[in-house]
Amino acid sequence: MVKSTRHAKYELYYHIVFVPKYQRSHLTGETMERLETIFAEICADKDLELAESEVMPDHVHLFIGSPPKNAPSLIVNWVKGISARKYNQRYDDRVKWTRSYYVGTAGSVSKGAVEQYIAEQEGGDE
């Protein structure tokens with residue numbers, strides 16, 4: 001769904017994947033449920049749309065919509081940093097994330113459609 005700010009219309013979604021430090025398969029049961037709740041809280045606080053979240057035993061998938069003012073790296077830093085801090089303050093077991101992550105963009109327009117649109121605009125100024 002296209003959203004807007006005062007000066008922009010946008011539809012930006014990021015697929016974010018990251019893993020816990022020490023790669024233990026411990027993101028299950030209560031830990032999984034707690035993390036999903038924390039991710040939803042973070043997105044609500046930061047005015048992001050949490051379209052999907054999936055906490056797997058050894059990694060996390062998030063699908064987050066964001067206004068264009070937020071860089072993907074900033075969103076990842078928010079989600080990983082705040083989630084670890086909140087989780088570790090609230091519960092006895094600990095969560096730590098590695099520094100690495102994957103982020104990919106997704107939207108309603110394919111790369112081919114954008115290329116075709118740009119090619120059509122090049123001949124339109126005549």
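In what sense do E3 and E5 pair, and over how many bridges? E3 and E5 pair in the antiparallel sense, over 6 bridges. Residues are numbered from 1 along each chain as its sequence is written.

**View 1. Confidence along the protein.** The mean pLDDT (the predictor's confidence in each residue, from 0 to 100) is 88. Of the residues of the protein, 90% reach 70 or more. Helices (H or I, at least four residues) and strands (E, at least two) are DSSP runs, numbered from the N terminus. Confidence is highest in helix H2 (residues 72–90), at a mean of 97, and lowest in helix H3 (residues 111–122), at 74. Where pLDDT is low, the predicted coordinates should not be read in detail.

**View 2. The open sheet.** Four strands form an open sheet in the order E4-E5-E3-E6, with antiparallel pairing. Strand E4 (49–55) and strand E6 (102–106) are the edge strands, each pairing on one side only. From one strand to the next the twist averages 15 degrees. Two strands count as paired if DSSP finds at least two bridges between them.

**View 3. Residues facing each other across the strands.** Tyr-14 stands opposite Thr-105 in E6 and opposite Ile-64 in E5. Glu-52 stands opposite Phe-63 in E5. A hairpin of 4 residues joins E4 to E5.

**View 4. Helices lying across the sheet.** Helix H1 (residues 29–45) lies across E3, E4 and strand E5 (60–65), at about 165 degrees to E4. H2 lies across E3, E5 and E6, at about 50 degrees to E3. Axes are lines fitted to C-alpha atoms, for helices over the stretch in contact, and angles run from 0 to 180 degrees between N-to-C directions.

**View 5. The largest nonpolar core.** Such a core is a set of buried (under 20% relative accessible area, 1.4 Å probe, protein chains only) Ala, Val, Leu, Ile, Met, Phe, Trp, Tyr and Cys residues joined through side-chain atoms within 4.5 Å. Of its 23 residues, those touching the most other members include Ile-16, Phe-39, Ile-64 and Trp-97. H2 gives the most, with 7 residues. Contacts (heavy atoms within 4.5 Å) of Ile-64, leaving aside neighbours within four places in sequence, include Tyr-14, Cys-43 and Val-79.

Conventions. This is a predicted model: local features need pLDDT of at least 70, side-chain atom pairs count only at pLDDT 80 or more; totals for chains, interfaces and linings use all residues. Side-chain values use heavy atoms; hydrogens and water are left out. Buried means under 20% relative accessible area, exposed over 50%, partly exposed in between (1.4 Å probe, protein chains only).
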